[in-house]
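Okay, everyone, thanks for coming.

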Amino acid sequence: MLPKIIPIIAGLAGLFVLYAFIIGLSWSISNGFAGILGGLPFAFIIAFVLPMAAYDYWDSCIREKSDK
């Protein structure tokens, strides 16, 4: 079994890469051809997706699970 710190570090690194990619993609859509109003639907979508990814990281790696 892996030590508890390895999934925490790997998950945090993956979450950081996901956040950097998605926020950079949103920024480039809004500043590019689509403009701020064209990038608004994508911004709404990522406003829901990124917190779900953070919750999944917390649920998978950090939260103590009771095996009852």
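This is a predicted model: local features need pLDDT of at least 70, side-chain atom pairs count only at pLDDT 80 or more; totals for chains, interfaces and linings use all residues.

Now the overall shape. A compact globule of 68 residues would have a radius of gyration near 11 Å, but this chain has 16 Å. You can see that in the box as well: along the principal axes, the C-alpha atoms fill roughly 50 × 25 × 10 Å. And how much of the chain is buried? Buried residues make up 19% of the 68. As for the surface, the accessible area is about 5,400 Å², and 77% of that belongs to carbon and sulfur atoms.

Let's go to the helices. Helix α1 runs over residues 5–31, so to speak, 27 residues in total. From its first C-alpha to its last it reaches 39 Å, close to the 39 Å expected at 1.5 Å a residue.

Which residues of α1 are buried? They are Gly11, Leu15, Ile22, Ser26 and Ser30. Look at the numbers in that list: Gly11 and Leu15 are both in it, and so are Ile22, Ser26 and Ser30. Here's a handy bit of background: an α-helix has 3.6 residues a turn, so residues three or four places apart point the same way. And what do the buried residues of α1 pack against? That would be α2, residues 35–62.

The contacts are worth a look too. Take the contacts in the chain with a separation of 6 or more: 65% of them are between residues 24 or more positions apart.

Last stop, the charged pair. The structure holds one salt bridge. Which residues form it? Arg63 and Asp59, with their closest N and O atoms 2.5 Å apart. In general, side chains of opposite charge can pair when their charged atoms come close. Asp59 is found in helix α2, and its side chain also counts as making a polar contact with the side chain of Arg63, again at 2.5 Å.

Are these two partners buried or exposed? Asp59 has a relative accessible area of 19%, and because the cut-off for buried is under 20%, Asp59 counts as buried. Arg63 is partly exposed, since its relative accessible area is 35%, which lies between the 20% and 50% limits.

Methods
Residues are numbered from 1 along each chain as its sequence is written. Side-chain values use heavy atoms; hydrogens and water are left out. Helices (H or I, at least four residues) and strands (E, at least two) are DSSP runs, numbered from the N terminus. The expected span of a helix is 1.5 Å times one less than its number of residues. Buried means under 20% relative accessible area, exposed over 50%, partly exposed in between (1.4 Å probe, protein chains only). Contact means heavy atoms within 4.5 Å. A polar contact is a pair of N or O atoms within 3.5 Å; within protein, one must be able to donate a hydrogen and the other to accept it, and residues adjacent in sequence count only if both atoms are side-chain atoms. The radius of gyration is taken over C-alpha atoms; the globule rule is 2.2 Å times the number of residues to the power 0.38. Accessible areas come from the Shrake-Rupley method with a 1.4 Å probe; for residues, only the protein chains shown count as cover. A salt bridge is a side-chain nitrogen of Lys or Arg within 4 Å of a carboxyl oxygen of Asp or Glu.
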